[in-house]
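Q: Please take one residue of this model and describe closely where it sits and what surrounds it. Then continue, in the same terms, to selected helices, strands and backbone features elsewhere in the chain.

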Amino acid sequence: MSRWILQRKAADYAGLSSKLNVDPVIVRLMVNRGLKTYEEMNEYLHPTLNNFPDPHLFADMDNACELLLEAIDEGVKIRVVGDYDVDGIMSTYILTRAIQEAGGDVDYAVPDRMIDGYGINPDMVQKAYDEGVRFIITCDNGIAAAPAVNLAKELGMTVVVTDHHEVPFELADDGVTRKQILPNADAVVNPKREDCQYPFKGICGAQVAWKLVEVLYEFIGIEKEESDKFLQFASIATVCDVMELKGENRSTVYHGIKAIETTDNIGLSALIARTELSGKPLSCYHLGFVIGPCLNASGRLDTAAKAIELLMEENQAKALAMANELVELNAERKAMTQTGIDKARELIETTDIVNDRVLVVYIPELHESLAGIVAGRIRESYSKPVLVITDAEDGAKGSGRSIPAYNMFEELTAVKDVFTKFGGHPMAAGVSLPTEKIDELRQRLNANCKLTDDDMQEIINIDCDMPLGYITEELVDSIDLLAPFGTGNTKPLFALKNIPITRAAYIGKEGQYLRLSLLTEKGQSITALMFRNVPEFENAVIQKYGDSSWQGLFSGRNTGVKMDIVYEPSINEFRGQRSVQIMIEQFQ
């Protein structure tokens with residue numbers, strides 16, 4: 001069962017509310033998100049692109065752009081080497097298009113997930129050299145690619161690494177002090193470098209690429225507005241790579257969504273049309289769960305080059321056909337993913353894995369590109385760190401998804417002798433290892449694990465216990481000022497106890513959802529929708545109140561059924577009429 005925590009933080013709610021001209025509830029929501037001053041809140045309500053840190057603060061940024069400018073001027077063949085996820089796709093597009101517009105002789109390459117694995121490798125370097133490439137610039141990868149970078153340098157190539165992943169490190173003799181190990185590149189642009197002065201560390205690879213383009217264009221004399229057109233692609237990557245929507249990231253996504261709604265990129269416009277989003281107001285949901293998965297599907301089941309080609313395409317008819325192919329690939333991916341999730345749950349529930357604090361699940365037949373998605377869904381179900389491992393061409397490969405109390409990158413580093421390759425973030429990782437080492441990995445991770453039961457309990461942070469009668473259309477519209485919502489800027493949640501339920505009805509094509517009528521504290525009725533955990537809710541009501549009471553809800557009979565709820569207020573629009581309703585997120 002989840003643990004509900006009501007946030008209580010002191011602030012001058014009345015004064016800030018008056019000064020900002022917003023409801024005190026809006027001030028409370030901002031205080032709960034770490035904002036303290038009027039200036040911070042005003043920026044939050046009105047995000048701007050003008051307050052971003054100076055991109056020259058990145059270590060090696062000026063050097064990287066000078067090297068790139070020199071290569072462009074001398075006509076050196078340049079290759080952008082990206083990655084196969086959305087961040088890699090967007091990074092690759094941004095750098096390739098920008099270098100083209102700067103006059104560079106440039107092409108791009110992305111690794112094949114099945115053959116190459118994550119990031120640049122020596123084979124890709126050798127192929128580039130054989131094809132006349134003498135300058136490689138990586139994006140969203142490269143920080144842990146020492147063998148590939150070393151080969152490139154041996155061949156006399158110039159290498160610039162742009163990345164945002166954690167820098168590999170080794171421990172000193174004291175077992176505590178860390179020493180970062182940078183690749184032997186000519187320039188390494190990564191905010192995670194210890195000597196990098198760029199203050200906002202939590203940006204994605206595409207954001208790093210966009211910053212590099214800004215400096216490159218400055219050196220060439222191209223107006224900053226020209227680099228700003230890449231904002232929309234960085235915003236998609238920020239959401240899909242699950243970056244925290246705070247500070248710079250929130251401003252990027254806020255303005256990026258507006259740019260996407262009016263995009264002049266023919267390929268992106270075609271994908272928006274094919275997913276039936278044309279002319280509709282967009283949100284992080286559409287970026288992360290509609291547009292992103294279609295782009296991702298290319299790298300999972302085919303090649304990420306298809307998604308990059310779509311963004312490069314300038315013929316509308318061709319773009320629509322390409323977008324259609326990506327949508328179909330994503331539909332295939334969804335079906336395969338559900339099969340993998342079902343298999344993972346079966347393995348956990350029917351073996352002693354269920355007792356582990358770190359779940360290492362081996363599904364040999366699962367398409368390796370789907371391991372991360374399956375791991376994420378299993379993590380949601382069990383609130384434990386999860387590694388899902390599959391058979392690959394050479395041994396086994398896996399993807400991990402973690403919980404806040406467990407730094408997966410550090411924990412994997414502690415057992416790195418098990419892997420042939422690994423990398424990632426505190427919350428996610430990718431690994432390669434011999435199949436015969438899987439059991440050892442499971443045993444050692446669990447032996448080292450210090451997670452407590454509290455660490456593994458899902459925490460629901462509640463913004464305030466707001467009465468249902470306080471909700472108005474104006475308040476809901478004001479809450480939308482805090483969007484875009486996502487990681488690090490979650491949708492506001494409210495809670496109440498002992499709310500009477502007066503009526504219930506099944507809704508949805510298969511009757512899988514519930515519409516409830518609740519009584520406000522003023523005795524008025526308000527509609528509530530429940531899209532999750534409907535069977536669990538039915539069982540809970542029957543267990544406490546009896547089956548007759550459950551059945552009575554469907555006839556509107558007064559049954560005395562009450563529940564505690566965590567909810568999100570919203571507006572229902574039907575035939576031009578607007579009314580307040582709530583979405584039930586959790587119940588007890």
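A: H164 is buried, because its relative accessible area is 1%, where buried means under 20% and exposed over 50%, with partly exposed in between, for a 1.4 Å probe and protein chains only. The model is a predicted one, in which local features need pLDDT of at least 70 and side-chain atom pairs count only at pLDDT 80 or more, while totals for chains, interfaces and linings use all residues. Residues are numbered from 1 along each chain as its sequence is written, and side-chain values use heavy atoms, with hydrogens and water left out.

The loop between β5 (158-162) and β6 (169-171) holds H164; helices (H or I, at least four residues) and strands (E, at least two) are DSSP runs numbered from the N terminus. Its side chain makes a polar contact with the side chain of D140 at 3.1 Å. A polar atom of the H164 side chain also lies 3.0 Å from the backbone oxygen of I203. A polar contact is a pair of N or O atoms within 3.5 Å; within protein, one must be able to donate a hydrogen and the other to accept it, and residues adjacent in sequence count only if both atoms are side-chain atoms. With neighbours within four places in sequence left aside, the residues in contact with H164 (heavy atoms within 4.5 Å) include D87, N190, K192, D241 and H425.

In strand β10 (residues 386-392), six of the seven residues are buried. Strand β9 (residues 359-362) pairs with β10 in the parallel sense over four bridges, pairing being assigned if DSSP finds at least two bridges between two strands. Within this pair, Y362 stands opposite I389. The β-α-β crossover from β9 through helix α16 (residues 371-382) to β10 is right-handed: with the strands pointing away from the viewer, the path from the first strand over the helix to the second runs clockwise. β10 also pairs with strand β11 (residues 395-401), in the antiparallel sense and over seven bridges. There I389 stands opposite G398, and the two strands β10 and β11 form a hairpin with two residues between them.

Helix α20 (residues 534-545) has twelve residues and should therefore span 16 Å at 1.5 Å a residue, which agrees with its end C-alpha atoms being 16 Å apart; the expected span is 1.5 Å times one less than the number of residues. V534, F537 and V541 are buried in α20. Seen down the axis of α20, these buried residues fall within an arc of 60°, so they line one face of the helix; the arc is that of the directions from the helix axis to the C-beta atoms. An α-helix has 3.6 residues a turn, so residues three or four places apart point the same way. P535 and Q543 are exposed on the other side of α20. Among the elements against which the buried residues of α20 pack are β15 (494-507), α21 (547-553) and β19 (577-587). G546 follows α20 and has a positive phi, near 100°.

N21, in the loop between α1 (13-20) and α2 (24-32), has a positive phi of about 60° and counts as exposed at 69% relative accessibility. Finally, the peptide bond from A483 to P484 is cis, with omega near 5°, and P484 is found in the loop between α19 (473-479) and β15.
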